[in-house]
Amino acid sequence: MRTSRPFLGRTGTNLGAAVLFVVAAVALLTAVVLPVNQLTQPGGSVTVQVAEPDDDRSLDLAGLPEGVWVVDSTSESQLFAADLPAGLRALTELPASLHAIAVAVGAWLLARLLWSIHDGHAFDRRNPGRLAGLAAAVVLGGLVVPMAEGVVATTVLEHLDLAGPGSPLVLFEVTLSLTPIGLALALLAAAEAFRRGRALEDEVEGLV
């Protein structure tokens, strides 16, 4: 006799949801702490691109102002500025904060989804919205964060007068991946499937 066994039992669902709730809380706290902590520092750092990358990973890069240095002068490097205004210091942590928010939202919504399945309400009316929220979190973390990194890096370079033609650095180029878009579309398709499943469930209940 065939039996239908769930992929995740009650214990696995409970454990998974609990872990996701913890991840969401830690990520949300991180999103708040990062910019606040950066305000206590005199400077900040951003990811930059070196105009002429050096294969020997030299730390000496000509043309940088005093108090500014680049760690690992390859195609993508980390620029540190010893002194930045408060607004720019907080701004340097914007991409990391947005990424943490995306993780927090995604983990929280996924935990709620697992919890509803655990309670026997897989086609809960809120689950399609949760899946759509997951899709938004994927877009935030996979597309918006890389664009924010480019904007922040450009802003810092302009403040340091390193955005001109004579700069040893170039404006950060953002390469967008199709993976987050594909994953977001898959989640939206799942949301539509859950919505239709709920509608079918309502129809069946109406016939009983």
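**Questions on a predicted model**

Me: Which residues form the nonpolar patch on the surface, and what is their accessible area together?

Reply: L15, V19, V23 and V103 form the patch, with about 310 Å² of accessible area together. The model is a predicted one. Helix α1 (residues 10-39) gives the largest share of the patch, three residues.

Me: What makes V19 partly exposed?

Reply: The relative accessibility of V19 is 45%. V19 has its place in helix α1.

Me: What is the secondary structure of the chain?

Reply: The chain comes to five helices and four strands. Along the sequence the pattern reads α-β-β-β-α-α-α-β-α. Of the 208 residues, 35% count as buried, which means under 20% relative accessible area.

Me: Why is the contact of E192 and R195 called a salt bridge?

Reply: The N to O distance between the two side chains is 2.6 Å. The cut-off is 4 Å, between a side-chain nitrogen of Lys or Arg and a carboxyl oxygen of Asp or Glu, so the contact of E192 and R195 qualifies. By this rule the count is one salt bridge.

Me: Where do E192 and R195 lie?

Reply: Both residues are in helix α5 (residues 179-207), three residues apart, which is about one turn of the helix. An α-helix has 3.6 residues a turn, so residues three or four places apart point the same way.

Me: How many aromatic pairs does a search of the whole structure find?

Reply: The search finds three aromatic pairs. One of them is W69 with F80, whose ring centres are 5.8 Å apart and whose planes are at 10°.

Me: Why is the pair of W69 and F80 called stacked?

Reply: Ring centres must lie within 6.5 Å to pair, and planes under 30 degrees apart count as stacked. With centres 5.8 Å apart and planes at 10°, W69 and F80 are therefore a stacked pair. W69 is in strand β2 (residues 68-71) and F80 in strand β3 (residues 77-81), so the pair ties together parts that are 11 residues apart in sequence. W69 is partly exposed at 41%, and F80 is partly exposed at 28%. Elsewhere, ring pairs link F21, W108 and W115 into a cluster.

Me: What is the phi of D161, and where is D161 found?

Reply: The phi of D161 is near 60°, a positive value in a residue other than glycine. D161 follows α4 and is found in the loop between α4 and β4 (169-170).

Me: What makes D161 exposed?

Reply: The relative accessible area of D161 is 69%. Exposed means over 50%, so D161 counts as exposed.

Note on methods. Residues numbered from 1 in each chain as written. Predicted model: local features only at pLDDT ≥ 70, side-chain atom pairs only at ≥ 80, totals over all residues. Heavy atoms only, no water. Helix = DSSP H or I, 4+ residues; strand = E, 2+ residues; numbered from the N terminus. Phe/Tyr/Trp six-rings, centres within 6.5 Å; stacked < 30°, edge-to-face > 60°. Buried < 20%, exposed > 50% of the residue type's maximum accessible area, 1.4 Å probe, protein only. Patch = residues over 30% accessible without salt bridge, like charges linked within 9 Å, V, L, I, M, F, W, Y side chains within 5 Å. Areas by Shrake-Rupley, 256 points an atom, 1.4 Å probe, with all protein chains shown as cover.
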